[in-house]
Amino acid sequence: MIEALLDTWRIHDAINRSVLDEVPEEGLGAVPLLKNGQPGKGRSVARVYLHLYEVRLSFLRAAEKKAHLGGIPTFAKGATPTRTQIEMFLLGSGRAIASCLSEAAASNEAIHKRHPLVWLGYLICHESHHRGQILLALKQNGFAPSD
């Protein structure tokens, strides 16, 4: 059961990173467009990735799993990360989430008041929603990734 839980997380996390691999440098600044074709007030692709990271960290902090956060950077409010920073924090926070899931599942411990499987489900749903926003912003701005 624990390995299946971790495999599920790792597959999801790898999808986030593979989408990033398809984003050209100029695409990191893409934002979803309004119906009139003008840029909306939404987050840029880079800032959506930062949001995913910040939510991961907030859950780890709330679950008192701060030990899993060693060496993981924080960003100032309003900061826009570089591609290298996004790659680094996706890898680091992905490993921290996997470690937290593994530890909680092995001890049947709740994470943020939820069973580890329920928490994993929330993370995947939340991040998949934002991945859709990333893909929409890229497509609308002429940076559609390959199939």
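The following legends describe close-up views of a predicted protein model.

**Conventions for the views.** Residues are numbered from 1 along each chain as its sequence is written, and side-chain values use heavy atoms, with hydrogens and water left out. Because the model is predicted, local features need a pLDDT of at least 70 and side-chain atom pairs count only at pLDDT 80 or more, whereas totals for chains, interfaces and linings use all residues.

**View 1. Confidence of the model.** The predictor's confidence in each residue is given as pLDDT, from 0 to 100. The protein averages a pLDDT of 90, and 93% of the residues score at least 70. Among the elements (helices, H or I, of at least four residues and strands, E, of at least two, taken as DSSP runs and numbered from the N terminus), helix α2 (residues 45-62) has the lowest mean pLDDT, 91. The highest mean, 96, belongs to helix α4 (residues 116-140). Where pLDDT is low, the predicted coordinates should not be read in detail.

View 2. Helix α3 has 25 residues and reaches 36 Å from its first C-alpha to its last. This span is close to the 36 Å expected at 1.5 Å a residue, where the expected span is 1.5 Å times one less than the number of residues. Residues of α3 that are buried (under 20% relative accessible area; exposed is over 50% and partly exposed in between, with a 1.4 Å probe and protein chains only) include R83, I86, F89, L90, S93 and G94. The buried residues of α3 pack against α1 (2-22), α2 and α4, contact being defined as heavy atoms within 4.5 Å. Just after α3, N108 takes a positive phi of about 55 degrees.

**View 3. Helix α4 and its packing.** The 25 residues of α4 should span 36 Å at 1.5 Å a residue, and the end C-alpha atoms of α4 are 36 Å apart, which agrees. Among the buried residues of α4 are P116, L120, L123, I124, E127, R131 and I134. The partners against which the buried residues of α4 pack are α1, α2 and α3. Helix α4 is followed by G142, whose phi is positive, near 80 degrees.

**View 4. The surroundings of H126.** H126 is found in helix α4 and is buried, with a relative accessible area of 13%. The side chains of H126 and H130 are joined by a polar contact of 3.2 Å. Such a contact is a pair of N or O atoms within 3.5 Å; within protein, one must be able to donate a hydrogen and the other to accept it, and residues adjacent in sequence count only if both atoms are side-chain atoms. H130 is also listed among the buried residues of α4. Not counting residues up to four places away in sequence, H126 touches H51, L52 and V55.

View 5. A search of the whole structure finds three aromatic pairs. Rings of Phe, Tyr and Trp (its six-membered ring) pair if their centres lie within 6.5 Å; planes under 30 degrees apart count as stacked, over 60 as edge-to-face and the rest as tilted. The ring centres of Y53 and F89 are 4.2 Å apart and their planes lie at 25 degrees, so this pair is stacked. The pair links distant parts of the chain, with Y53 in helix α2 and F89 in helix α3 (residues 83-107), 36 residues apart. Both Y53 and F89 are buried. For F59 and W119, the centres are 6.0 Å apart and the planes at 75 degrees, so the pair is edge-to-face. Because F59 lies in helix α2 and W119 in helix α4, the pair ties together parts that are 60 residues apart in sequence. F59 and W119 are both buried, and F59, W119 and Y122 form one aromatic cluster.

**View 6. The cysteines C100 and C125.** The whole structure contains zero disulfides, a disulfide being a pair of cysteine sulfur atoms within 2.5 Å. The sulfur of C125 is 18 Å from the closest cysteine sulfur, in C100, too far for a bond. C100 is buried, with a relative accessible area of 0%, whereas C125 counts as exposed at 55% relative accessibility.

**View 7. The contacts of D13.** D13 lies in helix α1 and is buried, with a relative accessible area of 5%. Leaving aside neighbours within four places in sequence, D13 is in contact with R56, L90 and G94.
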